[in-house]
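The sequence and structure come first.

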Amino acid sequence: MRWFRFYDDAVNDPKVQLLNGNLFKLWVNILCIASKCGGVLPTETDIAFMLRMPENKVRQSLEELIASGLLDKVKSGLAPHNWNQRQFVSDNSAERVKRHRAKRAASGLQSQWTAPKDLRWEVYKRDGFECVYCGAEDELSLDHKTPEMRGGTHDPSNLQTVCRSCNASKRDLTHEEFVSRNVTSRFLKPPQNTESEQNQSKAEEAPSARRTPRDELSLVLDDERTKAVIEHRQRIRKPLTAYAAKQLAKQFAACPDPNLAADTMIANGWQGVKPEWLESRQTRAGPPAPNAAFVKRMEEQVARERSYSGPDQAVSAKPD
Ligand SMILES: [Zn+2]
């Protein structure tokens with residue numbers, strides 16, 4: 001069914017409101033016919049046939065509508081007054097969506113390509129059903145390592161599993177650019193390509209370079225809390241990098257009960273936690289007893305890693 005625009009100010013338009021009932025009905029019918037005929041009315045004979053009216057009656061009514069200023073004489077016949085200005089031919093939702101998608105695709109934000117189900121499944125499965133960057137297991141999407149707009153293909157080797165949040169941060173960056181800008185946390189799983197590539201990759205990695213947020217948090221939290229904290233940070237759009245996870249683990253460790261601190265942080269929607277924030281909420285008795293040895297060890301490790309130019313650091317001096 002085709003629709004046309006009707007101006008709501010017709011209710012205030014004297015030209016319209018002064019029409020008698022029959023002529024008003026005819027005028028609306030004429031608009032429908034104009035819409036069906038691309039904005040210009042067909043012959044009086046055709047109109048008479050369409051409206052089951054005598055031709056002379058049609059002719060007389062059209063004259064009256066012209067006299068009322070509701071029909072204009074145009075080059076190819078008669079047209080409703082201002083029809084072309086009021087009707088935007090291309091302005092239907094399908095066209096708008098198409099334009100929107102084209103614009104997004106042109107800016108590299110969205111692909112017009114939809115992955116076949118099998119391919120999506122294949123890639124998700126290969127990547128262990130988790131985001132290759134942050135390990136999130138929810139809201140997974142397919143990402144082109146090299147974006148389509150930059151020549152990337154739909155080959156599985158160019159596809160990876162990425163959560164919506166990481167996907168949004170990656171935008172039109174290539175995988176390599178994204179990783180080297182340190183927007184990411186967890187480095188890729190070991191490549192499963194050639195042996196030489198595997199060896200090279202091992203050689204490039206410092207011992208702690210592949211620690212994940214999960215690894216860091218599980219030093220101080222139980223499994224359940226570790227998972228909950230990672231998911232919480234995803235939810236609040238602050239996905240953890242390995243470095244941030246290490247800092248956060250330190251914060252938890254400084255609290256009397258790290259697991260309780262994690263629960264409190266999540267319950268309050270906080271991004272992090274400090275022992276003093278918990279004081280009024282702490283339900284457990286007992287003096288705060290931060291694990292001083294642990295904090296010291298973490299601080300030393302962080303300091304060491306700051307000087308290491310690995311994939312988790314914002315560096316440009318990656319040996320290549
Ligand atoms: Zn992610």
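Helices and strands here are DSSP runs, at least four residues long for helices (H or I) and at least two for strands (E), numbered from the N terminus. The model is predicted. The points below take the loop residues and then the cores.

**Loop residues with positive phi**
- Arg52 sits in the loop that joins helix 3 (44-51) to helix 4 (55-67).
- Although Arg52 is not a glycine, its phi is positive, near 50°.
- Arg52 is exposed, because 6 other C-beta atoms lie within 10 Å and a residue with 12 or fewer counts as exposed.
- Asn82 is found in the loop between strand 2 (77-80) and helix 5 (83-86).
- Phi of Asn82, also a residue other than glycine, is positive and near 60°.
- With 11 other C-beta atoms within 10 Å, Asn82 is exposed.

**The largest nonpolar core**
- This core has 28 residues, and those touching the most other members are Cys131, Cys134, Cys163, Leu217, Ala249, Phe252 and Ala261.
- Two or more residues each come from strand 4 (159-163), helix 12 (223-235), helix 13 (242-253) and helix 14 (258-268).
- Helix 13 provides the largest share, six residues.
- The core lies between domain 2 (116-191) and domain 3 (209-311), because both give residues to it.
- Beyond its neighbours within four places in sequence, Cys131 is in contact with Ala136, Leu140, Thr161, Val162, Cys163 and Cys166.

**A separate core**
- Another core, of twelve residues, lies apart from the largest one; Trp27, Ala34, Ile47 and Leu65 are among its members.

Conventions. Residues numbered from 1 in each chain as written. Predicted model: local features only at pLDDT ≥ 70, side-chain atom pairs only at ≥ 80, totals over all residues. Buried ≥ 20, exposed ≤ 12 C-beta atoms within 10 Å, placed from the backbone. Core = buried A, V, L, I, M, F, W, Y, C linked by C-beta atoms within 7 Å. Domains from an automatic or database assignment. Contact = placed C-beta atoms within 7 Å.
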